[in-house]
Amino acid sequence: MKLSVEIRKMTHDDVEILSSIQKQAFLPLYERYHDAGNPFLRGPEDILTRLDNPIFQPFTILCDGAIVGGLWYRSQGKGLFFQNLEPGEYYLQRMFILPEKQGRKIAQKAIKLAEESLEGANASMWIFPLIWKRTVVATRLPVTRIREQGLRSNRV
């Protein structure tokens with residue numbers, strides 16, 4: 001059965017459920033690494049700070065009409081792995097999906113939909129920590145390539 005994946009701009013009404021999903025999605029990493037910066041340790045206020053800040057583009061992810069996750073892009077500023085975002089560049093800062101919905105290409109479809117809706121976007125960047133290799137991979141792709149080819153999962 002084909003899943004229907006949609007995104008919409010995140011609203012204040014979504015925050016409580018998204019906070020719960022974020023905790024569920026990040027719990028396994030917290031249990032394994034006990035890192036103080038893990039989103040599992042954050043509450044609804046963490047999401048609200050992105051929702052009410054114009055440098056973020058937050059989206060709610062729906063699958064078959066139900067909220068299953070969230071994601072947000074950053075469109076300005078500096079980060080750990082980049083100096084400055086240029087106009088038209090977006091950094092995918094966080095994404096989370098309900099654990100029981102993971103592995104079904106929902107995130108892949110949501111990223112593609114979000115990329116298509118980012119105004120003036122010409123490049124997108126993701127940073128994935130490869131914990132098992134103790135390294136970090138930064139990927140910057142032109143949005144047109146994402147739109148033409150879609151995304152492939154690197155899931156191990």
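Student: What share of the contacts in the protein with a separation of 6 or more comes from residues 24 or more positions apart? Then please take me closely through strand β2.

Tutor: The share is 60%, counting residues 24 or more positions apart among contacts with a separation of 6 or more. Contact here means heavy atoms within 4.5 Å. This is a predicted model, in which local features need pLDDT of at least 70 and side-chain atom pairs pLDDT 80 or more, while totals for chains, interfaces and linings use all residues. Residues are numbered from 1 along each chain as its sequence is written, and side-chain values use heavy atoms, without hydrogens or water.

The protein has four helices and six strands. Along the sequence they follow β-α-α-β-β-β-α-β-β-α. Helices (H or I, at least four residues) and strands (E, at least two) are DSSP runs, numbered from the N terminus. Of the 156 residues, 42% are buried. Buried means under 20% relative accessible area, exposed over 50%, and partly exposed in between (1.4 Å probe, protein chains only).

Now to β2, which spans residues 56-63. Eight of its eight residues are buried, so β2 is largely enclosed by the rest of the structure. Both faces are covered. One side carries Phe 56, Pro 58, Thr 60 and Leu 62. The other carries Gln 57, Phe 59, Ile 61 and Cys 63.

Take its pairing with β1 (residues 5-9). The two strands run antiparallel and are joined by five bridges. Two strands pair if DSSP finds at least two bridges between them. Glu 6 has Leu 62 as its bridge partner in β2. Leu 62 also stands opposite Ile 67 in β3.

β2 and β3 pair in the antiparallel sense, over eight bridges. The hairpin of β2 and β3 has two residues between the strands. In this hairpin, Asp 64 takes a positive phi near 50°.

Leu 71 finds its bridge partner in Met 95 of β4.

Follow the chain past β4, into the loop between β4 and α3 (106-117), and you find Lys 105. Lys 105 has a positive phi of about 65° although it is not a glycine. This lysine is exposed, at 52% relative accessible area.

The loop between α1 and α2 holds a second case, His 34. Its phi is positive, about 50°, and again the residue is not a glycine. His 34 is exposed, with a relative accessible area of 54%.

Helices α1 (residues 15-33) and α2 (residues 44-51) pack at about 120°, with axes 8 Å apart. Axes are lines fitted to C-alpha atoms, for helices over the stretch in contact, and angles run from 0 to 180 degrees between N-to-C directions. At their meeting, α1 supplies Val 15, Glu 16, Leu 18, Ser 19 and Gln 22. α2 supplies Pro 44, Asp 46, Ile 47, Leu 48 and Leu 51. By class, this contact has six nonpolar, two polar and two charged residues. Ala, Val, Leu, Ile, Met, Phe, Trp, Tyr, Cys and Pro count as nonpolar, Asp, Glu, Lys and Arg as charged, and the others, Gly among them, as polar.
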